[in-house]
Amino acid sequence: MMRSISIFGATGSIGESTFDLIVRAGGADVFRTVALTGCGNITRLAEMARTLRAEIAVTADPGRLFDLRAALVGSGIEAAAGPDAIAEAADRPADWTMSAIVGAAGLVPSLRALRHGRTLALANKEGLVTAGSLLLASAKVHSATILPVDSEHSAVFQALMGEDTATVERVIITASGGPFRDWPLERLKVATVAEAKVHPNWSMGNRISIDSASMFNKALELIETREYFGFDPDMIEAVVHPQSIVHALVGFRDGAMMAHLGPPDMRHAIGFALNFPDRAALPVARLDLVQLGSLTFQEPDSKRFPALRLAREVMQIRGLSGAAFNAAKEIALDLFMAGRIGFLDMACLVEKTLSHLSSEINLGNDASNLEDVLEMDHLARQRAGELASGKITNR
Ligand code: NAD
Ligand code: MG
């Protein structure tokens with residue numbers, strides 16, 4: 001039988017790389033594509049759906065259903081629109097599902113896909129930060145497999161293969177440091193969206209690129225490491241590594257460290273998850289160590305990048321704090337992208353939101369119920385919006 005696949009967030013950066021690997025592996029001759037989803041880029045979504053002969057294409061934007069139908073006319077491919085339609089597309093079983101929607105909007109489709117007890121390739125880190133325990137518990141209940149699709153977490157996963165996790169002493173994920181790695185605080189204050197969007201090593205969607213500049217991406221990834229692998233927060237470190245060649249290292253109690261190296265190309269982590277447990281040949285560049293010459297590492301600066309410090313708090317508190325942190329971060333990022341707050345205001349707003357929320361509710365409260373998580377996500381967005389517009393002030 002043909003292996004079936006679905007891609008949520010097919011038109012994004014991770015989605016395109018996934019599509020590329022699927023097409024190279026034989027496309028519709030090898031895979032039966034169930035669902036592809038996107039949002040604004042209807043032409044591309046329809047084109048991908050035709051290429052892979054998908055059963056259904058779904059746009060998150062209800063206003064684009066007419067356009068999607070028109071773009072698919074004569075193909076026999078179903079069209080649907082809106083967040084509910086995306087969640088329903090995840091109810092259609094697929095052997096392998098790529099979860100690559102950006103933001104907490106990716107959480108529900110991930111949870112719905114896990115119910116089939118198959119494999120979820122999880123790129124959507126915001127969902128994991130929002131409701132890590134819920135996702136992992138759901139995978140367990142339904143005997144589904146979650147495979148991390150973040151370069152650092154795929155690296156940790158690979159370094160842990162065949163190892164006893166009880167012998168692990170530390171986990172180090174690396175950070176490129178982003179475009180502002182060496183910028184002084186004064187210059188960070190006036191950093192623009194255009195400057196923040198340009199990542200030195202990786203080509204990614206706009207939101208994650210800006211999160212890399214503020215190191216909110218690394219903050220999410222510290223929490224992600226905690227959620228995926230369950231290590232104590234003080235065993236998890238982030239180190240700046242400007243070349244983005246070493247993605248993560250695992251240190252064991254005998255002093256050995258297993259490092260994962262590769263070129264900065266997400267098709268490695270995606271391809272690893274697509275072929276797991278096999279290691280198939282992948283179209284990624286091979287490293288030339290002599291040409292690279294040297295790999296350097298430095299301490300991250302949590303004064304200039306306070307997101308890292310905030311992540312530490314969330315890793316300790318757990319419960320609903322991840323949902324609050326991620327939601328406040330998404331609002332702060334929206335406001336920065338809209339030119340309404342400055343670059344450094346993002347971390348300030350997230351911190352203020354967390355401190356305001358913790359005066360209202362215990363952020364450590366249990367997060368094993370989806371309704372509670374979504375309520376916290378909603379509340380944090382509301383409070384962040386109010387704090388930003390000065391409707392409430394932080395005592
Ligand atoms: P992107 O912005 O390029 O693509 C996002 C995708 O989600 C698009 O298909 C878009 O149409 C869809 N989308 C956007 N808003 C939506 C909504 N509200 N509902 C449903 N669909 C929506 O993002 P990306 O860079 O591909 O990142 C996707 C996810 O993977 C993110 O969670 C990101 O943090 C993670 N990730 C990305 C990379 C990378 O190299 N790009 C690396 C590691 C992890
Ligand atoms: Mg990463």
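## Magnesium site

Metal donors are taken here as N, O and S atoms within 2.8 Å of the metal (3.2 Å for Na, K and Ca); water is not among the atoms, so sites may look incomplete. On this basis, the magnesium ion (ligand 2) is coordinated at 2.1 Å by D150 (OD), E152 (OE) and E221 (OE). Along the chain, the donors of the magnesium ion (ligand 2) are spaced as D-x1-E-x68-E. Distant parts of the chain are linked by the pair D150 and E221, which are 71 residues apart: D150 belongs to the loop between β7 and α7, and E221 to helix α11. Both D150 and E221 are buried, a term that denotes under 20% relative accessible area, with exposed meaning over 50% and partly exposed in between (1.4 Å probe, protein chains only).

## Basis of the description

The model is predicted: local features need pLDDT of at least 70 and side-chain atom pairs count only at pLDDT 80 or more, whereas totals for chains, interfaces and linings use all residues. Side-chain values use heavy atoms, with hydrogens and water left out, residues are numbered from 1 along each chain as its sequence is written, and chains are lettered from A and ligands numbered from 1 in the order in which they are written.

Helices (H or I, at least four residues) and strands (E, at least two) are DSSP runs, numbered from the N terminus.

## Helix α7

Helix α7 (residues 151–160) is largely enclosed by the rest of the structure, because 9 of its 10 residues are buried. These are S151, E152, H153, S154, A155, V156, Q158, A159 and L160. The buried residues of α7 pack, through contacts (heavy atoms within 4.5 Å), against helices α11 and α12 (267–275) and against strands β7 (145–148), β8 (168–175), β10 (246–252) and β11 (257–261). Just after α7, G162 has a positive phi of about 80°.

Axes are lines fitted to C-alpha atoms, for helices over the stretch in contact, and angles between N-to-C directions run from 0 to 180 degrees. Angles under 35 degrees count as roughly parallel, over 145 as roughly antiparallel, 65 to 115 as roughly perpendicular and the rest as oblique. A crossing is left-handed if the near helix is turned anticlockwise from the far one by less than a right angle, and right-handed if clockwise.

Helix α6 (residues 125–141) packs on α11 at an angle of about 15°, with the axes 9 Å apart; α6 and α11 are therefore roughly parallel. Their crossing is left-handed. In this contact, K125, L128, V129, G132, S133 and L136 of α6 meet N217, L220, E221, I223, E224, E227 and Y228 of α11.

The axes of α11 (residues 216–229) and α15 (residues 321–337) come within 12 Å and cross at roughly 165°, so α11 and α15 are roughly antiparallel. The crossing of α11 and α15 is also left-handed. Here F216, A219, L220 and I223 of α11 meet F325, N326 and K329 of α15.

## Helix α10

In helix α10 (residues 206–214), the residues S209, I210, D211, S212, A213 and S214 are buried. The buried residues of α10 pack against α9 (193–196), α11, α14 (307–317), α15 and α16 (345–360). M215, which follows α10, has a positive phi near 65°.

## Residue T43

T43 lies in helix α2 (residues 42–52) and counts as exposed, at 61% relative accessibility. The C-alpha atoms of T43 and L68 are separated by 7.7 Å, the two residues being 25 residues apart along the chain.
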